[in-house]
Amino acid sequence: MLKEGYDPDAIFIDVFTAHGPFDYIDREGRFHSKNETSASWGRGFEMYRQGFRRPDTVCVSEAGQDHLVGVADAGQSDHFGAPKVLGRANFADSERTPWHDIATHGYYVLFAGGLGGRYQEENGWHKGGDAELHGYASDDYLSNGIIGGRNPMCDGPFSRNAVKTYWLQHDACAELGNAEFLDLKYEGNIHRQHSFFSDGGEVWANRQTNATWRLPNGVTLPPYGYYARTRNTASGVVEKDGVRCAFAKSPKGIFIDARKPSLRRAYGAVTYPLRAEVVAPDRLRLHVTWEMTRPAPDYQPFVHICNAETAHEGIVFQCGMARAKEVFAKAGKYETFIDLAVPAGTAAGTYRVRYGAWCPKGGHRLSLGGAPTDGGNRIKGGTIEVARADGRISGVTWKPEGSPDDAAARDKLLGVNRAGRAVQFGGIKTDGTFRFADWTITPLPDSDAFSAEIDLAAFGAAGRTVAGVDVVEPETGAAAPTWSQSGNVLKFACDAKSFAYRLRLRD
């Protein structure tokens, strides 16, 4: 039916490469070895190729167990770290290392670190994790994949994360994917990894979270930074003049990311809980700090009190936050409080405090920095212990899940350019995030306003004049871009609301 109705040239068969093969006894009591299990699973993949009558049919599965290399072609590849597999208390230090890639690169495609939600979880399954720091499009996720020459993976389609991942790594990974993986070296410790590919490809990844790494070529890698160089491309998450930023260059164009905050990504606010005070036996006042990088009047706060044992959101009851309109109305630093009133029927026990902000117009949540999040853009606001006596709530106590120092450390790892400093990328200096190709400036989706200085000579147009800037797919209500030229330097500014801006040149 698939062949006749769709004639596909690729198929995804879930789960099979997520499991290691196993021994079993059938209903007649006969023993079958795990080698037999693996072989019969492999015949299942080959059956699809024969059924589609395409010898080049691509078979993809989940998680990338290596016993089916040769019959399966690729796998969504959950690259778990040692804490999840062994427990952090059972070793002194560890680092994800691409041993699988060294053996199978060129024969089996491993998709980055696998599902972002799994990658970001350190302990167990469906335990949340910090999506900004470890999930899709995070520097951790991207640097871990490319050190093995893996194809990147992301959520999407056309989300800010997906477009950024594509622009940043597609061209470099296309060349690494077609090269042979030659060698991997540790440069001083297990967290500084250097991989070598045929055709001169090299990747450096700094997985050390408490130090930068300056490469011999002068490139500085921040924690979770990387630098990839192939025959025709370069890509990296690097540090320039103290600013964490990202870039990619290829014959197709240049991508630049100065890491300026946006409301939908790289967070528009920083927040963490400070302290709690008892107001009544059934009521706490939890003081929190908010630092707004820009106004966000369309957002409203939410506070969820959750069951501590529930895997997902597990909301038991909700609370309000004081000064909400004032906090989101303009940029600045505020201290406010959550009025944590426990309903009378609440059972005794431990509950988690989770809070954040959401936009009723689109339903999305504000991306937040500061205290760790739970993977759903909700700040971990500590836990409360509810006690009962004589059929009533007799007390509520609060414990933090981190400290302001933890928040500062996380903020440093994220490295958002909150001051909006312009960064020099070869022939372009900017505070924005965009792709420049075919004389067209295409902002990354959900970007805020930015400016740029473009040296036309650096792109082969010395002595030419910009005759105008055409807006491509203008957004309703968007402002017209502004620009001026002095010699070979074009100064450009836009609100980034329209799809793209095309430069018209004349001699």
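These legends go with close-up views of a predicted model.

**View 1. Helix α2, end to end.** Here's α2, running over residues 34-52. It has 19 residues and reaches 28 Å from its first C-alpha to its last, close to the 27 Å expected at 1.5 Å a residue.

View 2. Which residues of α2 are buried? They are T37, S38, W41, G42, F45, R49 and F52. Look down the helix axis and these buried residues fall within an arc of 140 degrees, so they line one face of α2. As for what covers the buried residues of α2, the list includes helix α1 (2-6) along with the strands β1 (10-12), β2 (24-25) and β4 (58-62).

**View 3. D339 meets R283.** A search of the whole structure turns up 30 salt bridges, and the one between D339 and R283 has its closest N and O atoms 3.0 Å apart. D339 sits in strand β20 (residues 332-341) and R283 in strand β17 (residues 283-292), so the pair ties together parts that are 56 residues apart in sequence. D339 is partly exposed, at 30% relative accessible area, and R283 counts as partly exposed too, at 29%.

**View 4. D507 meets R464.** Next up is a salt bridge between the side chains of D507 and R464, at 3.1 Å from N to O. D507 lies in the segment after β33 (500-506), while R464 belongs to the loop between β29 (450-455) and β30 (465-472), so this pair ties together parts 43 residues apart in sequence. Buried or exposed, what is D507? With a relative accessible area of 76%, D507 is exposed, whereas R464, at 27%, counts as partly exposed.

**View 5. D470 meets R504.** In this salt bridge, the closest N and O atoms of D470 and R504 are 2.9 Å apart. The two partners come from distant parts of the chain: D470 is in strand β30 and R504 in strand β33, 34 residues apart. Both ends are partly exposed, with D470 at 27% relative accessibility and R504 at 39%.

**View 6. A salt-bridge network.** Side chains of opposite charge can pair when their charged atoms come close. Which residues are linked in a network here? The salt bridges in this view join D139, R244, D257 and R259.

Conventions:
Residues are numbered from 1 along each chain as its sequence is written. This is a predicted model: local features need pLDDT of at least 70, side-chain atom pairs count only at pLDDT 80 or more; totals for chains, interfaces and linings use all residues. Side-chain values use heavy atoms; hydrogens and water are left out. Helices (H or I, at least four residues) and strands (E, at least two) are DSSP runs, numbered from the N terminus. The expected span of a helix is 1.5 Å times one less than its number of residues. Buried means under 20% relative accessible area, exposed over 50%, partly exposed in between (1.4 Å probe, protein chains only). The arc is that of the directions from the helix axis to the C-beta atoms. Contact means heavy atoms within 4.5 Å. A salt bridge is a side-chain nitrogen of Lys or Arg within 4 Å of a carboxyl oxygen of Asp or Glu.
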